[in-house]
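Below are my comments on the model you sent. They are kept to points that can be checked against the coordinates.

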Amino acid sequence: PARRLEVFTESVIREMTRLSNRHGSINLAQGFPDFDPPTELIDALATAIRGPHHQYAVTWGAPRFRQALAKKNERFMGREIDPDRHLVVTCGSTEAMMAAMMTACDPGDKVIVFSPFYENYAADAILSGAVPVHVPLYAPHFTFDRDELSRAFATGVKAIVICNPANPSGKVFTREELLFIAGLAEEHDAFVLMDEVYEHIVYAPHQHTYFATLPGMWERTLSCGSLSKTYSITGWRLGHIIAPERLISRARKVHDFLTVGAAAPLQEAAVTALEFPDSYYTELQREYDVKRDVFLDYLKQTGLSYTEPQGAYYTLLDISSLGFKTDTEAAEWMTREVGVTGVPGSSFFREPEHRFIRFHFAKKEETLRAAGEKLVSGL
Ligand code: GLN
């Protein structure tokens, strides 16, 4: 078998889900909701499934879905997006990021990946033959050192990956930080691969800035997004890349040969979500504000320290005082003895960092309370 497969392990996130299922623990590891998407969306799917959508959709995305996606993104990004030239629909942002990486990088090219990072990015780089160059984000606020980042760019990188809002750190990059990165991307003629799946989950007073809208950045940015988190439909596997025509025409080739296309009836049904009014997004945010407060309040009661997310729905709990040799050992113990599963933080860091367990809080309030009570009494 290929040697590149020896360079990374299976996803620890998905492995923890399997472990949680075996032990019947509350799964706060893999980030997905345990509540249903909006009823209108479920109804739309029931209708779509009875319609004539059982064969391949257009490879780039069903026309109606692409149009709705372009409109929705125009609304939030505030720039014109042509559904025929600036967009490709993918099987989740997972495929979008892989296709973006393969669009930007040739084998041997270097790509900057911040650490901590969502574990897919390193695998995406390796599968594309690209070489990740890691730049640390320093806890507790996950800021980067500007000189360190400049030096990484100066090694001759082809691209940088940015998850904003970030998984697992919960960092929302400030406009200033993004402008600094934009300057480096321009100077070194690098592509910017954005993972913006948590664009609508941002806690006040923090604000999301779409990288592609910064001066001069549209031309070099591949913006990856997804319907998974925004509409609570991670199983529908609907994502996309938005970029200028010169990049999308290439990304479409990668996508075509990787997957041909996303599921046709699901694209039809999801048009309904893309047409939700602004109040939907305000309400989603309000719900996540509550979830965050409820869960963090329990973590506070454990007496351990944890990161306060600015966006997305993850927190890193510092378990160094519990006396385990590794975070993996701690996560396994917690699954067995406390009944709550998180992800060992080390799987997100390049550096040997064993202080953290990552929990997500995209769960019903009752699930968060049940998990919280177990953590308070068990830790
Ligand atoms: N993004 C989610 C997480 O980090 C889950 C992603 C996945 O498993 N595809 O847990």
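This is a predicted model: local features need pLDDT of at least 70, side-chain atom pairs count only at pLDDT 80 or more; totals for chains, interfaces and linings use all residues.

1. Domain contact. In the contact between the two, 27 residues of domain 1 meet 27 residues of domain 2. On the side of domain 1 that touches domain 2, helix H1 (12-23), helix H10 (278-302) and strand S9 (314-318) each supply at least two residues. H10 gives the most to this side, with six residues. The composition of the side is 14 nonpolar, seven polar and six charged residues.

2. Ligand. Where does the ligand lie relative to domain 1 and domain 2? Both domains give residues to the shell around the ligand, so it lies between them. The shell is made up of Ile 13, Arg 14, Gln 30, Gly 31, Thr 94, Tyr 118 and Asn 167. By class these are two nonpolar, four polar and one charged.

3. Helix pair H2 and H9. Helix H2 (residues 39-50) packs against helix H9 (residues 264-274) at an angle of about 145°, and the axes are 8 Å apart. The crossing of H2 past H9 is right-handed. From H2, the residues in contact are Glu 40, Leu 41, Ala 44, Leu 45, Ala 48 and Ile 49, and they meet Pro 265, Glu 268, Ala 269, Thr 272 and Ala 273 of H9. Eight of the residues in this contact are nonpolar, one is polar and two are charged.

4. Cis peptide bonds. The bond from Ser 115 to Pro 116 is cis, with omega near 10°. Pro 116 sits in the loop between strand S3 (110-115) and helix H5 (120-127). Asn 164 and Pro 165 are also joined by a cis peptide bond, with omega about -10°. The loop that holds Pro 165 runs between strand S5 (157-163) and helix H7 (175-187).

5. Arg 237 belongs to the loop between strand S7 (221-226) and strand S8 (239-242).

6. Annotation. An unreviewed UniProt entry lists residues 26-373 as "domain: Aminotransferase class I/classII large". Over residues 26-373 the chain is 41% helix and 16% strand. The end C-alpha atoms of this range are 11 Å apart.

Key: Residues are numbered from 1 along each chain as its sequence is written. Axes are lines fitted to C-alpha atoms, for helices over the stretch in contact, and angles run from 0 to 180 degrees between N-to-C directions. Helices (H or I, at least four residues) and strands (E, at least two) are DSSP runs, numbered from the N terminus. A crossing is left-handed if the near helix is turned anticlockwise from the far one by less than a right angle, and right-handed if clockwise. Two residues are in contact if their C-beta atoms, placed from the backbone, lie within 7 Å. Ala, Val, Leu, Ile, Met, Phe, Trp, Tyr, Cys and Pro count as nonpolar, Asp, Glu, Lys and Arg as charged, and the others, Gly among them, as polar. A residue is near a molecule or strand if its C-beta atom, placed from the backbone, lies within 6 Å of it. Domain bounds come from an automatic or database domain assignment. UniProt positions are given in the numbering used here, feature names are shortened, and annotations may be inferred rather than shown by experiment.
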